[in-house]
Amino acid sequence: MWDMMLLQIGNGMALGFLYVLIALGLSIIFGLLGIVNFAHGVFFALGAYFSITLFGVMGWWGIPVAIALVGVIGMLTEVVLIRRLYDKDPLISLIVTFAFSLLAEAIIRTLWGPVGQPFDAPDALNGVLIWGPFVIATYRLAVMILVIVILAALWAFLQFTPFGRILRAGSRDPGMVGVLGINLPHVLTGTFGLGCVLAAIAGSLAAPLWSVTPSMGEAAIMPAFVIVTIGGLGSYVGAIVAGLLVGLVQSLAVQFVPEASTAAMYVLMALVLLVRPRGLFGERWERFE
Amino acid sequence: MPHVARAVEPIRIGLLEAKQGPIAEQSQYLQRGTFLAMEQMGNELLGRPAEIIWDDEPSAQAAGQNALQLIQQNKVVAMLGGALSNFALAEEAIAGQYKVPFLINNGAAEEITGTKCNPYTFRLQSPVPVQAAAMLPYLENIGKRWYFLSASYAYGQDIVNNFKSLLKGIGGTIVGDDQVPVGTSDYSAYILKIREAQPDLVIGGLTSGDLSSFLKQWKDFGMSGKIPFTEIGVGDPDLWAVGKDNIAGIYTTMWWYKDPNNSPADKAFAAAYEKKYNAPAADKAWMGWYSARIMFESINKANSTNPDAIVEALYNWSELDGGINVHFDRWDNQLIHRLLVVGIKKHIPNQWDYFDVLQSVPSNDAEAAVAFGTQAQSACHMTPL
């Protein structure tokens, strides 16, 4: 029994890292732009679809090109649609982005058809690694390592680069940043693009594991919202901790109450919100309260 | 008194297929087949213009509400659809209450033509007990320690209950039984449990996109060649989505586009579909087309939109296919039709051509009577029209 628990804990961590990547983009977009982006799942799906299509044309080089392309589409979306929502009620942004996600899903269905797209992990990453009680698929381990590298790079980018500092300052007091002569609209466009890039990386990494269908974003968006809520809206560290917690709770729920494995993350969310209504790492943000 | 010319009111057929969620991909094939059948009728029924009104199935409750809306607001004369068993059950209740002929084209839960039957609801897909019994001879040879992995809704539970009953009959052992919420995208924790339990066979009861995700991850954990996996009533699109290098197992399906025993009408449908969509017809497209064709032919035969006349025409509809008389049993409104037990080809030539047909069952009317059961065995207590 203890061996199985350790096994599921290890598996939950691996799953959690994928969740972290999906949720982080959502968290950044909410934290810096104040937008409840229900279309985040669409960029996740586009990451998978573009990766599969461009892989067929350019090989593995097609994957980074696909991710960059999703980032560009994200920035265009911000300029055309999202920008108009900044001074509106968060509920409006939720409704508009939900409508956009339905439209985008229909476009994906039209362009790629209703059949799921097959996509395999590299041959070198097939198989499992066994270490004591832990068993992990090689591909999942590779995903975990890659996500850790991305998280570290992103943290360094936000902490130590001028763009990162502007982002953090703009999220707290956009008016002051504007007074200082910084072109905030460009920064916000870049931020939305960054969030979409993170979703696209997650979609690309999930493609060999999940069913790549036009509605695959739906499966990603709910855990992402739960993680962002548990971690605290807009919190970088919160998204990481909450993503790992959700992965862990889901894996252990499968071991003991499999029929409640999906409900388990909602129970966790309810418990966290009872104790900390702003989430584990949530702070009071003047803009939203 | 001046004569006022009025446009002829079209005959409306309601179609209920999911536009979202895990069954949306299968639904699109069902919908394509249904609309193709209408095109082949020249968009006319009873010599009048006819149209299909397609509504969504976002949840069981909403599916029932949409069925009601089709009946009350759109005045449909008949309905087709029911992509998932729980949606179909909700729609069936409305069809029975409002006396509108309804042919379910995908739901396979036993209750549909069992305890929840009504005289206005008919069903195309072979029920779970028939499909499970067809698989048994193949599964028995693999081993008798089975692990169940099923979706926690009507159809999944039906699969588990029927296979458990069959396993008991052959003196086998249940090694594990996990119920998975519909829409689950990650199966790693379940796969680790199965890996630990080391069963002879895994019996799946997963739906559509969930099955594709599971099979991908099954391969990811290196399980494909180690523990056999099987599932009944799968859709071609779900397996096409997995990729030819990842697919394994034995399955049942109602139709396969390359089955050499397909009827001339089926072959013509497959050709028309491929011409229109530039891809082979999936079993679900055929199921949409076949059920629509049966309904449309029955409406024309009834020569009326009166629901009781259409129901009577459905009872009288029949054709010969694969050595059996395809028709609806009067005591439960279940279509008697053959189904295929299929295995995965050793060398898959392209992204579509996965299956070898292992057997077509039942192969004659006597076998069909045994497989689908008698009135005395049926849980349906049909009320008069």
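This briefing walks through chain B and the place where chains A and B meet. The model is predicted. Chain B holds 12 helices and 16 strands, and 33 residues of chain A are in contact with 36 residues of chain B. Welcome, and take the topics below in any order you like.

**Chain B as a whole**

- The radius of gyration of chain B is 21 Å, close to the 21 Å that the globule rule gives for 385 residues, so chain B is as compact as a globular protein of that length.
- Along its principal axes, the C-alpha trace of chain B spans about 85 × 45 × 40 Å.
- Buried residues make up 55% of the 385 in chain B.

**Where chain A touches chain B**

- The elements of chain A that each supply at least two residues to the side touching chain B are α1 (2-33), β2 (134-137), α10 (236-256) and α11 (261-275).
- Of these, α1(A) gives the most to that side, with five residues.
- By class, the residues on the side of chain A that touches chain B are 18 nonpolar, 13 polar and two charged.

**Two crossing helices in chain B**

- Helix α10 of chain B covers residues 283-302 and helix α11 of chain B covers residues 307-316; their axes come within 8 Å and cross at roughly 115 degrees.
- The crossing of α10(B) and α11(B) is right-handed.
- On the α10(B) side, the contact is made by B:S298, B:I299, B:K301 and B:A302.
- On the α11(B) side, B:A309, B:I310, B:E312, B:A313 and B:L314 take part.
- Six nonpolar, one polar and two charged residues form this contact between α10(B) and α11(B).

**A hairpin in chain B**

- Strand β12 (residues 318-321) of chain B runs antiparallel to strand β13 (residues 324-328) of chain B, and four bridges join them.
- To find one pairing by eye, look for B:E319, whose bridge partner in β13(B) is B:V326.
- β12(B) and β13(B) form a hairpin with two residues between them.
- In the turn of this hairpin, B:G322 has a positive phi of about 60 degrees.
- As you look at strands like these, keep a general point in mind: in a regular strand, side chains alternate between the two faces of the sheet.

Note on methods: Residues are numbered from 1 along each chain as its sequence is written. Chains are lettered from A and ligands numbered from 1 in the order in which they are written. This is a predicted model: local features need pLDDT of at least 70, side-chain atom pairs count only at pLDDT 80 or more; totals for chains, interfaces and linings use all residues. Two residues are in contact if their C-beta atoms, placed from the backbone, lie within 7 Å. Ala, Val, Leu, Ile, Met, Phe, Trp, Tyr, Cys and Pro count as nonpolar, Asp, Glu, Lys and Arg as charged, and the others, Gly among them, as polar. Two strands pair if DSSP finds at least two bridges between them. The radius of gyration is taken over C-alpha atoms; the globule rule is 2.2 Å times the number of residues to the power 0.38. A residue is buried if 20 or more other C-beta atoms lie within 10 Å of its own, exposed if 12 or fewer, and partly exposed in between; C-beta atoms are placed from the backbone. Axes are lines fitted to C-alpha atoms, for helices over the stretch in contact, and angles run from 0 to 180 degrees between N-to-C directions. A crossing is left-handed if the near helix is turned anticlockwise from the far one by less than a right angle, and right-handed if clockwise.
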